[in-house]
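Here is a short note for a colleague who is new to this structure. Please read the points with the model open.

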Amino acid sequence: MTGPRYGRDAGEPAEPGYPADAVRLDLLTATEGLDESELLRLALQQAVAALGGIGGLAHLAGQDEGTLRLAAVNGLPAEIARPWDELPRSGEVAPALAVDYGKVVWSTSRPPDAEGGPPGRLVGGVLSAPLMVDRIAVGALSVLTTGPPSAERRMFLAKAADVVGARLPGVRQWRSGTPPWWQEPLGAPRSVMHQINVGRWSWDLTTGTLAIDEVTEELMRSAGLDPDNWDRRIETWMERIHPDDRPDVQKSIDESLRDTKPYAVEYRVVGDSGQVSWLEVRAGFKHDTTTGAVARVIGTVWNVTQRRSQLEWLVGMVELHPDPIHVVSPDDTVRWANQAARRLEATEGGSIEGTVPWDQKPELAEQGLPELLARARAAPGAPATLRVRRWEEARGAVAHYLVRAVEMGGFVTAQMSDITEQVEVEQAAAVRGKRVAELNAALIKALDTSDVVGAVAEHVLPLVGAEGLILHDLTGSAPRLVGDIGPHPEFLRDLHRWSGCDRPDQAGGAPRFIGSSADLDRQWPDRPASLHAENMGGWAMLPLIVGARRVGTCVISWARPREFTEDDRSLLGTIGVVVAQALGNARLYEDARNRAERLQHELLPGRLPDLVSVRAAARYRPAAGQGVGGDWYDVVPLPGGRTLAVIGDIVGHGEEHSIIMGIVRHAVLTVAALDLPVDEVLAHLNDVVVRLGRNRHGTGDDDAVYATCCLALYDPTTGTCSIASAGHPMPVVVRPGQAPRELRVPMGQPLGIALVPAQITETVLEPGSLLVLYTDGLLGTDNPDISRLTAAISRQTAAESGSTAGQTHGARWLASLCDTITADLPPDRTPDDDAALLTLSVGRAPADRIAVWDLPRAPESAGDARRHTLGQLETWGLGSLTDSLTLVVSELVGNTYRHAAGIEADDEDTGLIRLRLLYLDDALICEVYDGSEATPRVHHPHADDEFGRGLQLVAMTATNWGARYTENGKCIWASFEPARLPADSTADSTADSTAA
């Protein structure tokens with residue numbers, strides 16, 4: 001059977017393994033009765049021996065914060081150790097680095113005082129390990145070495161430091177005033193003993209007699225003994241000890257004799273006159289050299305009456321101290337509590353003396369009381385603080401205490417200062433600060449005056465415990481009430497009838513604070529009698545001033561009389577400042593928004609025009625944040641009964657973009673008058689947008705203007721719809737009896753960057769079809785989803801009866817559809833995103849109102865055209881237009897023969913001339929088609945010119961005239977407005993537009 005060995009046989013190497021390390025650590029662990037200094041010296045002895053070092057140093061936390069004091073030295077003379085006496089914790093030497101890093105450190109750095117001194121002759125450095133108490137570095141164990149130590153030696157020093165750190169809280173520590181490490185720990189010279197009034201004595205245990213010196217003889221007199229005549233026996237001396245102290249003294253002597261350990265006691269002696277003196281007696285033992293038994297007790301005696309008197313006075317002062325004070329022993333037991341502490345515990349029906357505090361009150365452990373005591377013990381003499389709270393029945397509330405713990409002589413004194421009022425003030429200030437911050441945040445977000453009123457009502461009234469609020473805006477020509485809470489309507493009515501600038505809610509200057517109705521009577525005795533019935537308790541009247549401009553007044557009221565403290569006045573004054581700024585900004589915002597909304601209202605179309613066989617309805621929803629944006633729409637009636645629908649979005653938001661929107665919308669009206677194909681209209685609009693970008697402040701990308709646009713041109717005579725898009729969402733089409741679906745249209749580049757003309761998509765819309773144009777604001781911004789739009793349309797069309805198939809939808813039905821789509825805008829729509837919607841229900845022009853003739857390109861075709869026209873006018877009952885229309889038809893057909901080519905012509909002398917008459921709504925339209933793209937223009941001939949007056953006659957005769965390009969040439973048209981329309985006209989033309 002084998003086990004660990006702590007020695008080695010001859011010839012065995014000392015390494016590896018260091019078997020003596022375990023023995024050294026066992027010595028540090030098992031040795032009992034050591035005080036702090038003895039433990040540190042023992043640890044240094046073993047560490048220096050194990051590392052083969054030159055000497056050892058032990059440092060602990062100093063009295064001054066941020067310092068380390070030298071607590072023990074091993075193997076070093078004073079002149080070498082003295083520079084290490086006090087070190088900064090943030091220094092570069094090994095002990096400071098070990099405490100700072102919390103790990104073993106080897107360093108060649110030395111204190112500044114050591115440079116050039118004896119340590120300079122050392123060729124190595126210092127290895128230091130931190131002393132940890134409850135994971136807090138409280139000092140360092142260091143060994144001076146001749147060179148860098150091995151990893152095993154570093155590990156041993158770390159283990160030794162761990163053992164010392166674990167034992168430090170439980171060992172007996174030096175009292176304050178203990179001599180420093182460098183003072184000789186031997187008995188003082190006899191002369192010194194005389195000077196400090198300390199006597200020597202010796203007690204022979206064999207004879208029971210006492211031997212005393214001169215100083216002790218003087219102390220005998222205080223006990224009523226005559227040094228020259230008393231018998232010098234120990235029993236005689238014991239009789240002079242105060243009866244109350246005699247049992248404890250005898251017990252201490254008996255225990256010391258039994259254990260042969262030194263003892264130290266303090267007790268009272270009584271003189272003949274009853275005078276009481278306090279003595280401090282210390283003693284050790286001398287043994288018989290032959291038998292080894294204790295033969296003599298040798299000690300010292302010191303008159304400490306003056307000190308004990310001071311201590312008793314101090315104890316009495318501590319006992320009567322108003323703050324609870326507890327003294328806690330090294331085992332965390334409360335050994336003593338003063339009167340305030342006992343009274344505090346008595347209110348809860350218990351006593352804390354003799355117990356561990358957190359055993360009775362576990363919440364103290366949760367709040368960190370054990371850690372507080374550990375911190376105090378880790379730095380003796382330095383205070384450690386902790387805030388604790390406890391429920392107290394006497395108060396019926398939670399009390400707060402600041403515990404200040406200081407370790408002295410192995411015991412921790414904990415003083416509890418009641419800071420409940422301070423904490424309540426701090427908590428109230430914190431709550432007040434939080435609410436003021438919330439008020440600021442709410443006012444920053446407030447846009448208009450209603451938002452300001454809401455923020456004040458939500459945050460200010462609870463903050464000051466008020467019930468009423470009256471807020472006036474004074475930026476206009478007359479005060480305007482923007483919000484009120486609490487006052488009766490009759491009170492506000494009479495308040496507003498009160499004329500003059502001395503009204504309480506309009507009074508200028510500094511804030512006014514009225515504590516009661518009586519105060520209000522004294523300051524405003526002439527107020528109307530009806531205002532006395534309101535019986536308001538307290539008023540705070542805050543003028544709202546921004547710079548030198550008064551923007552409003554804020555009156556906060558309480559139902560009961562109130563005394564305004566300085567804190568109240570300061571807080572309410574601050575509230576008045578922030579509310580004034582918010583109200584001023586809100587009024588500026590409202591003014592700007594009103595101007596922008598008026599501008600936008602002017603720039604958007606009003607009532608949509610009457611259209612041929614088309615019903616239209618539109619909705620505009622402004623942005624929730626800035627109020628204005630760049631979304632727009634319009635419908636433009638074109639010759640031939642056609643309708644041009646347009647919708648667009650200027651990229652960006654704000655007043656400037658609304659202006660740009662108005663320019664682009666009116667540009668559409670101008671370009672549409674040219675009667676061009678939709679792709680060419682978009683090309684012209686692109687030029688307009690590019691010029692607008694160039695005319696802005698700069699030439700960078702931030703100054704460019706971009707817009708999306710979608711055009712739809714519908715011809716009711718054929719049902720053809722031509723659509724082109726410049727970066728705009730695709731329209732939705734609903735054909736009779738079918739579900740809504742996107743109309744797939746090639747999406748060109750947005751206006752402002754378009755380089756390639758947009759492609760035209762043509763589709764035929766059956767009568768009763770529905771075309772829906774919209775902007776992105778209807779779909780949301782994060783994840784645009786058209787299904788919400790199509791679902792709303794489906795709900796509306798599902799309720800439609802089948803009898804309406806093939807007919808245009810009614811105006812009310814279209815308006816209801818628009819409201820359904822815009823009623824619930826997407827939740828992810830940004831606050832500055834507006835939305836536009838345009839819906840078109842299309843039909844066909846009646847076939848009996850359309851007449852078409854194809855005529856040969858020949859001179860006689862002019863006469864044939866007149867005959868066809870006369871017959872059709874008779875059929876339509878428009879004989880009043882016979883002269884005018886036949887003249888125009890004759891001139892247009894004749895000019896086509898002379899100056900244009902025919903349709904589908906093989907050469908310039910062949911082809912056809914097409915004549916079409918349209919009787920749509922209140923207009924009669926004459927159209928002549930040819931195969932030439934030459935644009936006609938009005939000439940101004942001289943009096944002797946034979947030709948050149950044809951178009952002049954057309955312009956003078958017709959209401960309007962013009963020309964447009966077609967796929968194979970052009971069309972020249974002229975329109976007439978008959979003086980009377982037939983009563984059975986079935987033309988269908990209505991439109992609805994609402995901007996909300």
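1. Start with the second largest cavity. β7 (198–204), α7 (214–222), α8 (234–239), α9 (246–259) and β9 (263–270) each give its lining at least two residues. Helices (H or I, at least four residues) and strands (E, at least two) are DSSP runs, numbered from the N terminus.

2. This is a predicted model, where local features need pLDDT of at least 70, side-chain atom pairs count only at pLDDT 80 or more, and totals for chains, interfaces and linings use all residues. Residues are numbered from 1 along each chain as its sequence is written, and side-chain values use heavy atoms, with hydrogens and water left out.

3. A cavity is a set of points on a 1 Å grid over the protein atoms alone where a 1.4 Å probe fits but cannot get out; lining residues have an atom within 4 Å of a point. Points are joined across faces, edges and corners, and a volume is the space filled by probe spheres set on them.

4. The second largest cavity holds about 180 Å³. Its lining has 15 residues; Trp201, Ile234, Trp237, Tyr267 and Val281 lie nearest the centre.

5. The largest cavity holds about 220 Å³. Its lining counts 16 residues, with His326, Pro357, Leu364, Leu369 and Met416 closest to the centre. β12 (325–328), α12 (357–360), α14 (369–378), β14 (384–392) and β16 (411–418) are the elements that give two or more residues to this lining.

6. Now the whole chain. It has 26 helices and 39 strands. Of its 996 residues, 48% are buried (under 20% relative accessible area, 1.4 Å probe, protein chains only).

Terms used:
Buried means under 20% relative accessible area, exposed over 50%, partly exposed in between (1.4 Å probe, protein chains only). On a 1 Å grid over the protein atoms alone, a cavity is a set of points where a 1.4 Å probe fits but cannot get out, and a pocket is an open set with protein on both sides within 12 Å along at least five of seven lines; lining residues have an atom within 4 Å of a point.
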